[in-house]
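Colleague: I would like to go through how some labels on this model were reached. Where shall we begin?

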Amino acid sequence: MLRDTDLTTGENLTIQRRRLSVTQDRMAELLGIGRDVYRSYERDEDRKWRQGPPITLPQLDDELAQEEVIHILRLRIGWTLDDAAEAVGRSRATYVNIESGGRTTARWADYVINLMEKEIATTAN
């Protein structure tokens with residue numbers, strides 16, 4: 001299972017932002033940077049960012065929630081929401097509910113995490 005210590009700097013930033021219920025655009029505005037720059041931070045694409053973030057991120061001291069693990073795994077695979085919904089065999093709306101921690105998360109989380117971990121293992125070989 002993915003742990004908070006396994007996160008890249010960008011993934012950590014994504015989790016922090018999602019926990020605050022803030023959009024990428026709003027976070028960029030709060031930091032005084034362009035939204036494309038901020039998005040590159042979350043994707044670990046900015047060279048300077050990888051060398052050390054321009055902001056200090058608090059450590060995630062608690063365990064990642066299942067929906068946070070699902071979100072990070074989907075991003076690592078490179079799936080869109082539609083791709084993930086298709087892989088899980090559910091509608092996009094149901095999948096979004098799973099990934100956002102809605103009422104269907106508990107029922108589907110183990111299945112989705114297992115499916116995604118297998119996908120990562122398959123593409124790594």
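Modeller: With the largest pocket, which has a volume of about 190 Å³. The model is a predicted one.

Colleague: What makes a residue part of the lining of the largest pocket?

Modeller: Lining residues have an atom within 4 Å of a pocket point. Thr8, Glu11, Thr14, Gln24, Arg39, Glu42, Arg43, Asp44, Leu75 and Arg76 line this pocket. Helix 1, helix 3 (35-42) and helix 5 each supply at least two of the lining residues.

Colleague: How does the lining divide into nonpolar, polar and charged residues?

Modeller: Six are charged, three polar and one nonpolar.

Colleague: Asp44 is in that lining. Why is Asp44 called buried?

Modeller: Its relative accessible area is 18%, and buried means under 20%, so Asp44 counts as buried. Asp44 sits in the loop between helix 3 and helix 4 (47-51), and its phi is positive, near 55 degrees, though the residue is not glycine.

Colleague: Why does Ser21 count as exposed?

Modeller: The cut-off for exposed is over 50%; Ser21 has 68% relative accessibility, so it is exposed. Ser21 belongs to the loop between helix 1 and helix 2 (24-31). Ser21 is not a glycine either, yet has a positive phi of about 60 degrees.

Colleague: How do you know that the span of helix 5 agrees with its number of residues?

Modeller: Helix 5 (residues 66-77) has 12 residues, and at 1.5 Å a residue they should span 16 Å; the end C-alpha atoms are 17 Å apart, which agrees. Gly78, with a positive phi near 95 degrees, follows helix 5.

Colleague: What do the buried residues of helix 5 pack against?

Modeller: Helix 1 (9-19), helix 6 (81-88), helix 7 (92-99) and helix 8 (105-124). The buried residues include Val69, Ile70, Ile72 and Leu73.

How values were computed. Residues numbered from 1 in each chain as written. Predicted model: local features only at pLDDT ≥ 70, side-chain atom pairs only at ≥ 80, totals over all residues. Heavy atoms only, no water. Helix = DSSP H or I, 4+ residues; strand = E, 2+ residues; numbered from the N terminus. Expected span 1.5 Å × (residues − 1). Buried < 20%, exposed > 50% of the residue type's maximum accessible area, 1.4 Å probe, protein only. Contact = heavy atoms within 4.5 Å. 1 Å grid on protein atoms, 1.4 Å probe; cavity = no way out; pocket = protein on both sides within 12 Å on 5 of 7 lines; lining within 4 Å. Points joined across faces, edges and corners; volume = space filled by probe spheres on them. Nonpolar A, V, L, I, M, F, W, Y, C, P; charged D, E, K, R; others polar.
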